[in-house]
Amino acid sequence: MRDEVGEKLVLPSIRESERYKQAINKRTTLSQLGYTDLEYPFEILIDKIRASVGSK
């Protein structure tokens, strides 16, 4: 994929997990539930969005 679209457009995969549903249902974050490792893909996505709009 990186060869086709370049590094900037490749995002880490988001694993399927019941923890996401739990966080949404409880209206809380994954880190507040103790699952900080599941936040990694979202942190990368936020960094890429910030970089593309120049607000970093």
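This report walks through a few local features of the structure above, helix by helix.

## About the model

The model is predicted, so a local feature needs pLDDT of at least 70 and a side-chain atom pair counts only at pLDDT 80 or more, while totals for chains, interfaces and linings use all residues. Residues are numbered from 1 along each chain as its sequence is written, and side-chain values use heavy atoms, with hydrogens and water left out.

Let us start with Ser17, in the loop between α1 (2-5) and α2. Helices here are DSSP runs (H or I, at least four residues), numbered from the N terminus. Ser17 is buried, at 18% relative accessibility; buried means under 20% relative accessible area, exposed over 50%, and partly exposed in between (1.4 Å probe, protein chains only). At the start of α2, a side-chain oxygen of Ser17 comes within 3.0 Å of the backbone nitrogen of Arg19. This is a polar contact, that is, a pair of N or O atoms within 3.5 Å; within protein, one must be able to donate a hydrogen and the other to accept it, and residues adjacent in sequence count only if both atoms are side-chain atoms.

A search of the whole structure turns up 1 salt bridge. The term stands for a side-chain nitrogen of Lys or Arg within 4 Å of a carboxyl oxygen of Asp or Glu. The partners are Lys21 and Glu18, whose side chains meet at 3.2 Å, N to O. Both belong to helix α2 (residues 18-26), and because they are 3 residues apart there, about one helical turn separates them. Lys21 is partly exposed at 47% relative accessibility, and Glu18 is likewise partly exposed, with a relative accessible area of 49%.

## The loop between α2 and α3

Just after α2 comes Arg27, with a positive phi of about 55 degrees, although Arg27 is not a glycine. Arg27 sits in the loop between α2 and α3 and counts as exposed, at 78% relative accessibility.

Glu39 is in the loop between α2 and α3 as well, but Glu39 is buried, with a relative accessible area of 16%. What does Glu39 touch, not counting residues up to four places away in sequence? The list is Thr29, Leu30 and Ser31, where contact means heavy atoms within 4.5 Å. With Ser31 there is a polar contact too: the side chain of Glu39 reaches the backbone nitrogen of Ser31 at 3.0 Å.

## Helix α3 and what follows

Helix α3 (residues 40-53) has 14 residues and should span 20 Å at 1.5 Å a residue, which agrees with the 20 Å between its end C-alpha atoms. The expected span is 1.5 Å times one less than the number of residues.

Val53 is in helix α3 and is exposed, with a relative accessible area of 59%. Together with Leu11, Leu45 and Ile49, Val53 makes a nonpolar surface patch of about 340 Å². Such patches are made of residues with over 30% relative accessible area and no salt bridge; like charges are joined within 9 Å, and nonpolar side chains (Val, Leu, Ile, Met, Phe, Trp, Tyr) within 5 Å. The areas come from the Shrake-Rupley method with a 1.4 Å probe, and for residues only the protein chains shown count as cover.

Just after α3, Gly54 takes a positive phi of about 75 degrees. Gly54 counts as exposed, at 60% relative accessibility.

Conventions:
Helix = DSSP H or I, 4+ residues; strand = E, 2+ residues; numbered from the N terminus.
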